[in-house]
Amino acid sequence: MPDKTSDRNPGGRGDDVCCVCGKEFSIFRWKWFSCSFCGKPMHFFCDSPYGDSITSLHACPSCLAAGNHIRTYSANYMGKVFVKSGYRPIELESNWYKDKETALGELKILAGVSGYTAVLEVKYIYDTRRDGNYIYKIWAATGVACVI
Ligand SMILES: [Zn+2]
Ligand SMILES: [Zn+2]
């Protein structure tokens, strides 16, 4: 499963409509992004919660759904996780977000769209940004995608 190559343009069909609302891109609805995970286009106003990233990361509904069932385990988790052999674990790193949950959500999508079922060794890293007088933290998450 994890070796599946990404199919960015399956036959060219469906790339002229928004993958969120199904409507076409016209002169009045010209602004769109592509899903950062599968490359399908969507309208600016149909964007998902991942459009709020301080980097411009956008996830379509099917990639969001692929991340939904992924189980995550903190690097501090002391229990035993039985990892299936035969699937090469890969290291994942998210982009930077204003909250940890969104960073973890990106790891889950990255794992899900590649056919993995869990992310182990989840850790968060933070940095600070300044917006005028306002200083805030930004977060990224790292982990190891596995099949369990
Ligand atoms: Zn749309
Ligand atoms: Zn997608």
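A residue is called buried if 20 or more other C-beta atoms lie within 10 Å of its own, exposed if 12 or fewer, and partly exposed in between, with C-beta atoms placed from the backbone. By that count Ser74 is partly exposed, because 14 C-beta neighbours lie inside 10 Å. The model is predicted, so local features need pLDDT of at least 70 and side-chain atom pairs count only at pLDDT 80 or more, while totals for chains, interfaces and linings use all residues. Residues are numbered from 1 along each chain as its sequence is written, and chains are lettered from A and ligands numbered from 1 in the order in which they are written.

**Fold.** The protein chain has two helices and six strands, in the order β-β-α-β-β-α-β-β from the N terminus. Helices (H or I, at least four residues) and strands (E, at least two) are DSSP runs, numbered from the N terminus. Of its 148 residues, 30% count as buried. Two residues are in contact if their C-beta atoms, placed from the backbone, lie within 7 Å. Among contacts between residues at least 6 apart in sequence, 62% join residues at least 24 apart.

**Helix packing.** The axes of α1 and α2 come within 7 Å and cross at roughly 95°. This makes α1 roughly perpendicular to α2, a term for angles of 65 to 115 degrees. Axes are lines fitted to C-alpha atoms, for helices over the stretch in contact, and angles run from 0 to 180 degrees between N-to-C directions. On the α1 side the contact is made by Cys63, Leu64, Ala66 and Gly67, which meet Gly105, Lys108, Ile109, Gly112 and Val113 of α2. By class, this contact has five nonpolar, three polar and one charged residues. Here Ala, Val, Leu, Ile, Met, Phe, Trp, Tyr, Cys and Pro count as nonpolar, Asp, Glu, Lys and Arg as charged, and the others, Gly among them, as polar.

Within α1, Cys63, Ala66 and Gly67 are buried. Seen down the axis of α1, the buried residues fall within an arc of 95°, so they line one face of the helix; the arc is that of the directions from the helix axis to the C-beta atoms. The buried residues of α1 pack against α2.

**Core.** A nonpolar core is a set of buried Ala, Val, Leu, Ile, Met, Phe, Trp, Tyr and Cys residues joined through C-beta atoms within 7 Å. The largest one has 30 residues, and Cys63, Leu107, Ala111 and Val119 have the most contacts inside it. Two or more residues each come from α1 (61-68), α2 (100-113), β5 (118-131) and β6 (134-146), and α2 gives the most, with seven residues. Beyond its neighbours within four places in sequence, Ala111 is in contact with Ile70, Leu92, Tyr116, Val119 and Ala145.

**Single residues.** Ser74 is placed in strand β3 (residues 71-74). Glu101 belongs to helix α2 and counts as exposed, because 10 C-beta neighbours lie inside 10 Å. The table gives one C-alpha separation for each of these two residues.

| Pair | Apart in sequence | C-alpha to C-alpha |
|---|---|---|
| Ser74 and Val119 | 45 residues | 8.6 Å |
| Glu101 and Ala140 | 39 residues | 9.5 Å |

Glu121 lies in strand β5 and is partly exposed, with 19 other C-beta atoms within 10 Å. Most residues other than glycine have a negative phi. Glu121 is not a glycine, yet has a positive phi of about 60°.

Methods
Angles under 35 degrees count as roughly parallel, over 145 as roughly antiparallel, 65 to 115 as roughly perpendicular and the rest as oblique.
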